[in-house]
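Biologist: I'd like to go through this one with you and ask where the labels come from. Shall we start?

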Amino acid sequence: MSAPARTRNSRADTSPGVDADTAASPALHRSTDSAWDTLRRGFALSPEFTRGLALTAVFAVVATVGKVVVPLAVQQIIDNGLLAEGGIDIGFVTGTVVLCATLVVLTAVSSYVMNARLYRSTEGGLATLRRKAFRHVHDLSVLTQNSERKGALVSRVTSDVDQISTFMQWGGILLVVSTGQLAIATVLMAVYSWQLTLLVWVCFLPLLFGVRWLQKLLSRAYLLVRERTGEMLGVVSETVVGAAVIRAHGTEERTAERVDESVLATRTAQVRAQRLSMAVSPFAEVVSAFTYAVVVVVGVWLGVTGSLTAGQLVAFLFLINLFIAPMTMATEIFNEAQNAIAGWRRVLGVLDTVPDIADPGSSGRTLPRGPVSIRFDHVSYAYPGGPRVLDDIDVEIAPGRRVAVVGETGSGKTTFVKLLTRLMDPAEGRVLLDGTDLREVAFSSLRSRVVMVPQEGFLFDSTLGDNIRFARPEVTDEQIGAAIVDLGLGDWLAGLPHGLDTPVGQRGESLSAGERQLVALVRAAIAGPDLLVLDEATSAVDPATEVRIQRALDRLTRGRTSVAIAHRLSTAEAADEVLVFDDGRIAQRGTHAELVGQPGVYADLHASWVRSSA
Ligand SMILES: Nc1ncnc2c1ncn2[C@@H]1O[C@H](COP(=O)(O)OP(=O)(O)OP(=O)(O)O)[C@@H](O)[C@H]1O
């Protein structure tokens, strides 16, 4: 039996003080920090990134300096070995080759150590970033979490962090090495010929300005890529989770079109960003070829005038190679850097979002144990951007009372229990438990005393026992068994072939809807709350399970304060008191027997219940 869904024809007015303008927006923060500030904050958040960087830099310098060993050796062998004044000097050539080989090995070892150290610090930093972001997501209110699709939210701490990882492990290393390489190549080239070095820089200046200009475009393009990727993951995960509903309604085609749309939007954003970043590469190649040509012509001319030896010209050409590599790499590095900065911005966006439901923590108050008294002191509420949905609720519930909350769909019942469990704070008024404003109660105390059983309790892909002891992992199988018997569900447990070891499947899909409700009730019993808040399931169950649920509910609520959103007539009948919601207000209050005889919302609801169960 379930409450018929009647359509509301009116809505509490939007009133000053609780309307869209004053209700805080729960959306995730959008970072507008500059690229530099983003990097600086990103590094500060994960100190592992920079830990031990000085020693890594030493290895980087050795690895980089080592790259000029070969050009130097070539120059020395040509000028002082092959073209030595007294003829070829074999001893000098051999000695230089051996020294060169030794230095090359040293360079390779340094390069390995540098890479290993960078990988370690990067992975450490990324792990910290992920941990902080995940924890912060859990601190955010349900409203804030719901402001973005779940998949998109998860992408902020997975794929966005992966982008940072790609840059730190590849682009970051190249950036360190390339900058050093560029500097050393410039110095050495200048030692051989300052005229040629100047020429090389003049040839490459347009490329540098081009890259700088492109960086701004890339920054925007990659932020769009990250956002589109997040949206795509959101749509994909939603359709996977909602696969049964999609199939049941035969909307596979429409759903596939939605997924296609978001995949194509991601592809378009990616292609645009890649096209932009690729534009520089051919330009850089033309600039390189031109530079080689100019250096060869001018170098030969300098050689003819006697200011450059053959060995120096060959070494210079080698060094240009060292110079060009980081220059052409710059575009790819910028590419990765922009992608990483876009990812960092989105992760920082999560961390910068201040939880609107703050835990007073250690300064918070602890509620004493025992049945709880509840008071709603002139409470009003409006969802951000919406009208007032609870209007001046002023109600007191004595300790140990079983209260049923009933009302038409959309009348504010769920909002009422969300405020009671502090999933949200009132826009006006106070919610008090045992006389203490909920905003002053430490989360640890609140969550141990107040347990909410939602309509569809989430089950994890594990065993029945693990799901029941979810909030209290220390609880033994024997204690769970005793709790099940106490709730009058011993026959149900005995009927399960694997008992508490029964696997429940993903989201509990191996169990029936009724069994999932039973698990949620046992889980609540194990948590041992003093205030039990229930959102009764609307799904129809077989008569035997219905009896079990009622029996378990009856025992679970005994000796506790309980507030249940009732969708079944039997729950309202069994309650000590019924609160009848209508259009965001409590329209009636009393026992079932009192209310059913009066004309009003409850009598109408009751008539519907009776009709629908006839
Ligand atoms: N997250 C939300 N954002 C904006 N408006 C919301 C949100 N949740 C609920 N509302 C609106 O608040 C009003 C009260 O909703 P609420 O869920 O409290 O009603 P209800 O009585 O529990 O309904 P039902 O029996 O259908 O669950 C409705 O108009 C609903 O559309």
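Predicted model: local features only at pLDDT ≥ 70, side-chain atom pairs only at ≥ 80, totals over all residues.

Biologist: Which residues does UniProt list for "transmembrane region"?

Modeller: The unreviewed UniProt entry lists 49-70, 90-113, 173-192, 198-214, 282-304 and 310-329.

Biologist: What percentage of residues 198-214 is helix?

Modeller: Helices are DSSP runs of H or I, at least four residues, and strands are runs of E, at least two, both numbered from the N terminus. Residues 198-214 are 100% helix and 0% strand, with end C-alpha atoms 24 Å apart. Residues 49-70 come out at 68% helix and 0% strand, with ends 32 Å apart.

Biologist: How do you know what span is expected for helix H4?

Modeller: The expected span is 1.5 Å times one less than the number of residues. H4 (residues 90-139) has 50 residues, and its 73 Å from first to last C-alpha is close to the expected 74 Å.

Biologist: Why is Arg523 called buried?

Modeller: A residue is buried if 20 or more other C-beta atoms lie within 10 Å of its own, exposed if 12 or fewer, and partly exposed in between, with C-beta atoms placed from the backbone. Arg523 has 21 C-beta neighbours inside 10 Å, so it counts as buried. Arg523 sits in helix H18.

Biologist: What does Arg523 contact, leaving aside neighbours within four places in sequence?

Modeller: Contact means C-beta atoms, placed from the backbone, within 7 Å. Arg523 is in contact with Gly457, Asn467, Ile468, Phe470 and Ala471. Phe470 is 53 residues away along the chain, yet the two C-alpha atoms are separated by 7.3 Å.

Biologist: What makes a nonpolar core?

Modeller: Buried Ala, Val, Leu, Ile, Met, Phe, Trp, Tyr and Cys residues joined through C-beta atoms within 7 Å. The largest has 70 residues, and Val405 and Leu521 touch the most other members. Helix H18 (residues 513-527) gives the largest share of this core, seven residues. Another core, of 49 residues, lies apart from it and includes Val68 and Leu319.

Terms used: Residues numbered from 1 in each chain as written. UniProt positions renumbered as here; feature names shortened; annotations may be inferred. Contact = placed C-beta atoms within 7 Å.
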